Amino acid sequence: MGLKTEIAGIKMKNPVMVASGTFGYGEEPSKYVDLNQLGAIITKTVTLEPREGNPPPRICETSSGMLNSIGLQNKGISDFVNLALPFLAKFKTPVIVNIAGDSPEQYAKLAKILSREPIVKGLELNISCPNVKKGGLQFGTDHDATSNLVKTVRKATNLPLIVKLSPNVTDITVIAKAAAKAGADAISLINTFLGMSIDAETKHFNLGAKTGGLSGPAIKPVAVRMVWQTAQVVKIPVIGVGGIMNGNDAIEFFLAGASAIEVGTANFIDPQAPLKIVKEIEEYLKKHNLSHYKALIGKVN
Amino acid sequence: MPKQENCRILQHQQIASTVFKLTLSSPNLCQEAKPGQFVNIRVSSKYDPLLRRPLSLHRIIKKDNAFQLLYEVVGKGTAILSQTKPGDDLDILGPLGSGFSLPSEKQTIILVGGGMGVAPLVNLAEKIKDQRPKTKDQIIAFIGAGTKAKLYCEKDFKQIADKVLISTDDGSHGEKGFVSDLLYSRLTIHDSRPASIYACGPYAMLEAISNIARKNKIPCQVSMEAKMACGIGTCMGCVIKTKNGYKKVCDDGPVFDAAEIIWD
Ligand SMILES: Cc1cc2nc3c(=O)[nH]c(=O)nc-3n(C[C@H](O)[C@H](O)[C@H](O)COP(=O)(O)OP(=O)(O)OC[C@H]3O[C@@H](n4cnc5c(N)ncnc54)[C@H](O)[C@@H]3O)c2cc1C
Ligand SMILES: Cc1cc2nc3c(=O)[nH]c(=O)nc-3n(C[C@H](O)[C@H](O)[C@H](O)COP(=O)(O)O)c2cc1C
Ligand code: FES
């Protein structure tokens with residue numbers, strides 16, 4: 001069935017990837033899902049130095065969604081290269097490494113280190129994490145900072161660069177255009193929305209960090225709208241993320257202009273979700289007599 | 001290996017006004033599960049509630065290839081779960097997490113359960129009886145609850161344990177007071193035989209038990225809780241503070257050495 005694709009020069013057997021931070025480095029989910037069947041694996045954000053993350057509680061369920069305030073907890077790049085990459089090397093699926101830093105130079109340093117690893121097929125720049133003071137939103141909410149960051153990383157590596165955008169902006173197309181102009185090979189959107197939840201009985205914040213990022217079905221309509229707006233203004237591929245739970249959701253993103261999608265929160269509810277989505281896309285193509293999913297991209301009317 | 005599987009409901013009993021005992025079929029789980037582990041259940045195919053709900057393994061019934069959960073209805077997820085019927089299938093991930101670890105030599109096993117915290121301790125006690133007939137461990141169960149109507153599994157413990165001590169906050173059954181105070185009063189007359197404490201219950205109780213264990217130099221394992229998203233160790237959402245940094249309740253736990261935890 002027509003699902004093969006190439007995004008930013010990365011060849012994939014289907015356009016369904018797993019979103020950063022919702023699949024770890026693949027090891028735990030591999031007990032429940034065949035990693036070889038995924039379009040690509042995007043690993044949890046890695047930083048140069050280990051990060052402790054935010055104080056608990058870090059999770060709060062909301063209506064058809066969830067808030068998280070993980071705060072990019074990770075063991076740093078050397079641990080990642082030594083432990084996570086060898087595991088992922090056992091699979092045929094392309095690995096895209098999501099990176100973040102406090103400065104453009106840190107992103108560039110990470111990019112250089114990862115360029116030496118043959119199994120890394122691309123980088124996703126996280127400039128959109130709402131849960132940390134540094135290495136997130138301060139780049140993704142300012143078009144000059146976005147542009148400067150992407151240019152710096154572009155000089156440091158030949159790997160395909162996907163820039164992951166934040167929805168916490170007034171006009172996402174401004175940031176998307178800046179990233180594209182600075183040399184991004186693709187844009188992915190959206191990361192989580194900054195949110196908050198308070199327990200009415202105890203009068204306490206439900207998250208240790210007070211604020212967190214909203215994800216899941218609740219954010220899907222906004223994600224679809226932002227993908228549609230962005231696809232109108234950039235020529236590079238747009239990757240849709242946000243609340244995708246099933247095949248129909250994925251189709252909606254293709255119609256809005258996404259060339260591929262990432263499955264996030266759905267992995268927590270059903271580790272098989274990405275594979276079920278692949279199957280449901282195939283069924284949709286069959287039902288609508290389409291030979292390739294690409295015939296759907298941007299075809300909303 | 002843990003699995004994602006549809007488990008058939010064999011029995012679903014209401015044992016108190018808000019408490020249910022759910023019996024499910026799973027050969028894999030019965031084979032693999034250790035006391036202290038849990039399952040993560042998708043209670044609804046709708047998106048609200050969105051996340052799975054974690055419940056401890058309460059009993060393993062090997063001869064029926066079945067396992068039991070004991071849960072209290074506290075919110076919308078457990079309310080939906082309580083409506084399910086024998087013959088229905090539930091989407092379950094498990095067994096998950098680390099279990100209790102058992103010492104190799106003969107022990108006085110001290111179980112301390114508060115409220116619904118008794119659930120995994122029944123599984124532990126049965127396993128000890130089942131697997132360690134030779135060591136002849138003495139099992140002493142301390143169980144506590146707010147009031148008599150909320151004290152569960154007394155019968156189960158009376159069948160397995162050598163001694164069962166009970167407390168209720170309001171004095172309606174057993175001694176009046178917290179189960180941690182009951183443990184404290186009995187430990188002062190504790191002899192020098194090797195002992196271990198296994199505790200599950202509300203946070204404040206576990207903290208109190210942990211202090212008692214430390215003062216009496218008794219090894220203590222506690223089963224902790226946290227809000228979970230994935231339940232399998234990928235999201236980093238369920239961490240608690242330990243002397244070795246943040247640890248994941250779903251994956252490094254839910255059972256921890258009490259001495260490792262940094263209590264708030
Ligand atoms: C490892 C583990 C094992 C557990 N084992 C059992 C068990 O054997 N029996 C049992 O009755 N309960 C157990 N729990 C608690 C159980 O998971 C929660 O009571 C349940 O998820 C509540 O879901 P709900 O939708 O009904 O409530 P919600 O509407 O989500 O919340 C209602 C109340 O329950 C609390 N709550 C929600 N989720 C959790 C959670 N994950 N942990 C603690 N409190 C929570 C909320 O703070 C709130 O006060 C366990 C929890 C963990 C983490
Ligand atoms: C628990 C959790 C952790 C996340 N961690 C990261 C991360 O480390 N890096 C990143 O770029 N995005 C992270 N995200 C954002 C997701 O990749 C995704 O962009 C977002 O959740 C929206 O998609 P969804 O609604 O399908 O989950 C995280 C999301 C969740 C829920
Ligand atoms: S719940 Fe996701 S890591 Fe524990």
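Predicted model: local features only at pLDDT ≥ 70, side-chain atom pairs only at ≥ 80, totals over all residues.
Let me begin with ligand 1. There are 21 residues around ligand 1, and those that come nearest are B:Ser56, B:Tyr71, B:Gly75, B:Gly77 and B:Thr78. Three elements of chain B give two or more residues each to this shell: the strands β4 (53-56) and β6 (66-72), and the helix α2 (76-82). Of the elements, β4(B) gives the most, with four residues. By class, the shell around ligand 1 holds 12 nonpolar, five charged and four polar residues.

I turn now to ligand 2. Here 29 residues lie around the ligand, and A:Ala19, A:Gly21, A:Ser215, A:Gly264 and A:Thr265 come nearest. The site is shared between chains, because residues from chains A and B surround ligand 2. Its shell divides into 16 polar, 11 nonpolar and two charged residues.

Finally, the helix pair in chain A. Helix α5, residues 172-181, packs with helix α6, residues 220-233, at an angle of about 45°, and their axes are 9 Å apart. That angle makes α5(A) oblique to α6(A). The crossing of α5(A) past α6(A) is right-handed.

Which residues of α5(A) and α6(A) meet? From α5(A) come A:Ile172, A:Thr173, A:Ala176 and A:Lys177, and they meet A:Met226, A:Gln229, A:Thr230 and A:Val233 of α6(A). By class, this contact has four nonpolar residues, three polar residues and one charged residue.

Technical notes. Residues numbered from 1 in each chain as written. Chains lettered and ligands numbered in written order. Near = placed C-beta within 6 Å. Nonpolar A, V, L, I, M, F, W, Y, C, P; charged D, E, K, R; others polar. Axes fitted to C-alpha atoms, helices over the stretch in contact; angles between N-to-C directions. Parallel < 35°, antiparallel > 145°, perpendicular 65-115°, else oblique. Left-handed = near helix turned anticlockwise from the far one by under 90°. Contact = placed C-beta atoms within 7 Å.
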